[in-house]
Amino acid sequence: EPWAQALAVREGKIVAVGSDRAIAAYQGPATKVIDAKEHMVLPGFMDAHVHMMAGAAQLEQIALNDAKTVDDFQRMIKEYAAAHPDRKWIQGMGWYYSVFGRNGAPDKKFIDEVVPDRPVYLAAYDGHSSLVNSKALQMAGITRKTPDPPNGIIVRNPATGEPTGFLKEAAGSLVMKTAPRPTCEEERDRMIKAIHYASSLGLTRVISAGADAERVDLFDEIRQKGDLTVRLYMARFVTPPISPEAMK
């Protein structure tokens, strides 16, 4: 097919694609003409696996995806902490395991050295592990005597048994349950920003996996206000019981 110059939309559906002359025949008194100024127009994108609630919160947190070394990792945390002195908790996501070297391991000391006085919770890029500092462990009451929770592992120093701050799977929830909860207004405002951000990237449909299904009321409120600018599908999150031994 040759490159199209224009398209016609009626009642939310594309009814014709073709040349400027061909599409001009579809214009009427109520037609709204949008000039793309010769930029490329593409169909809307679909993301088959997103976490809208968590992603909305992360837009306000540290993004660690660009950290290549421990120095990068620490610099980003330090800069964020300095720029947000009012944040009682510091949270972020995106670090890669390779940051700590081929034989290295995430350790609370890397955060303690730059932010020792506020709890810090940083999820890995895959969301299946997290690294916290000593302050966060203290606030969560996690010690060498704390047992591994169901579906989670508290990584410990093999010599001392002390938690290293590296938490796998559900062990991260031991810390997160002590973090302050956002108000309904804060959740709604950050979600609207996240939805509009998704729209700005060309996303027109997303499948939201996990805990978002528990907040249908919030998404419906946003829809009624006209701010749900993406088609939203939800998949419920179900976790079968898995023993810590099976995860090792």
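Predicted model: local features only at pLDDT ≥ 70, side-chain atom pairs only at ≥ 80, totals over all residues.
Helices here are DSSP runs of H or I with at least four residues, strands are runs of E with at least two, and both are numbered from the N terminus. On that basis, asparagine 133 is in the loop between strand S7 and helix H5, residues 134-140.

Is it buried or exposed? Asparagine 133 has a relative accessible area of 0%, and the cut-off for buried is under 20%, so it counts as buried. Leaving out residues up to four places away in sequence, asparagine 133 touches Lys108, Ile111, Asp112, Val115, Arg118, Pro119 and Val120.

Next, the sheet. There is an open sheet of six strands, in the order S4-S5-S6-S7-S9-S8, and the pairing is mixed. At the S4 end, S4 and S5 are joined by two bridges and pair in the parallel sense. Isoleucine 62 is opposite glycine 92 in S5.

At the other end of the order, look at strand S9, residues 163-169. How many of the seven residues of S9 are buried? Five are, so S9 is largely enclosed by the rest of the structure. Strand S7, residues 129-132, runs antiparallel to S9, with three bridges between them. Serine 129 faces lysine 168 of S9. Strand S8, residues 152-156, is also antiparallel to S9 and is joined to it by four bridges. There, glycine 152 has glutamate 169 of S9 as its bridge partner. S8 and S9 make a hairpin with six residues between them, and glycine 161 in that turn has a positive phi of about 80°.

Now two helices. Helix H3 covers residues 70-83. At 1.5 Å a residue its 14 residues should span 20 Å, and the end C-alpha atoms are 20 Å apart, so the two agree. Asp72, Phe73, Gln74, Met76, Ile77, Tyr80 and Ala81 are the buried residues of H3. What covers these buried residues? The cover includes strand S4 (62-63), S5, H4, strand S6 (120-124) and S7.

Helix H7, residues 184-200, has 17 residues. From first C-alpha to last, H7 reaches 24 Å, close to the 24 Å expected at 1.5 Å a residue. Its buried residues are Glu187, Arg188, Arg190, Met191, Ile192, Ala194, Ile195 and Ala198. Those residues pack against helix H2 (52-58), strand S10 (203-209) and helix H8 (216-224). After H7 comes glycine 202, with a positive phi near 95°.

On to the aromatics. The structure has seven aromatic pairs. One of them is tryptophan 95 with phenylalanine 100, an edge-to-face pair at 5.6 Å centre to centre and 80° between the planes. Why do we call both residues buried? Tryptophan 95 has a relative accessible area of 0%, so it falls under the 20% cut-off. Phenylalanine 100, at 7%, falls under 20% too, and so is buried. Both belong to one aromatic cluster, made up of Phe73, Trp95, Tyr96, Tyr97, Phe100, Phe110, Tyr125 and Phe166.

Alanine 105 is in the loop between strand S5 (90-95) and helix H4 (109-112). It touches Phe100 and Phe110, once residues up to four places away in sequence are set aside. Its relative accessible area is 46%, which lies between 20% and 50%, so alanine 105 is partly exposed. Proline 85 is 20 residues from alanine 105 along the chain, and their C-alpha atoms are separated by 29 Å.

The lining has 34 residues, and Ala6, Leu7, Ala8, Ile34 and Val41 lie nearest the centre of the pocket.

Conventions. Residues numbered from 1 in each chain as written. Heavy atoms only, no water. Buried < 20%, exposed > 50% of the residue type's maximum accessible area, 1.4 Å probe, protein only. Contact = heavy atoms within 4.5 Å. Pairing = 2+ DSSP bridges. Expected span 1.5 Å × (residues − 1). Phe/Tyr/Trp six-rings, centres within 6.5 Å; stacked < 30°, edge-to-face > 60°. 1 Å grid on protein atoms, 1.4 Å probe; cavity = no way out; pocket = protein on both sides within 12 Å on 5 of 7 lines; lining within 4 Å.
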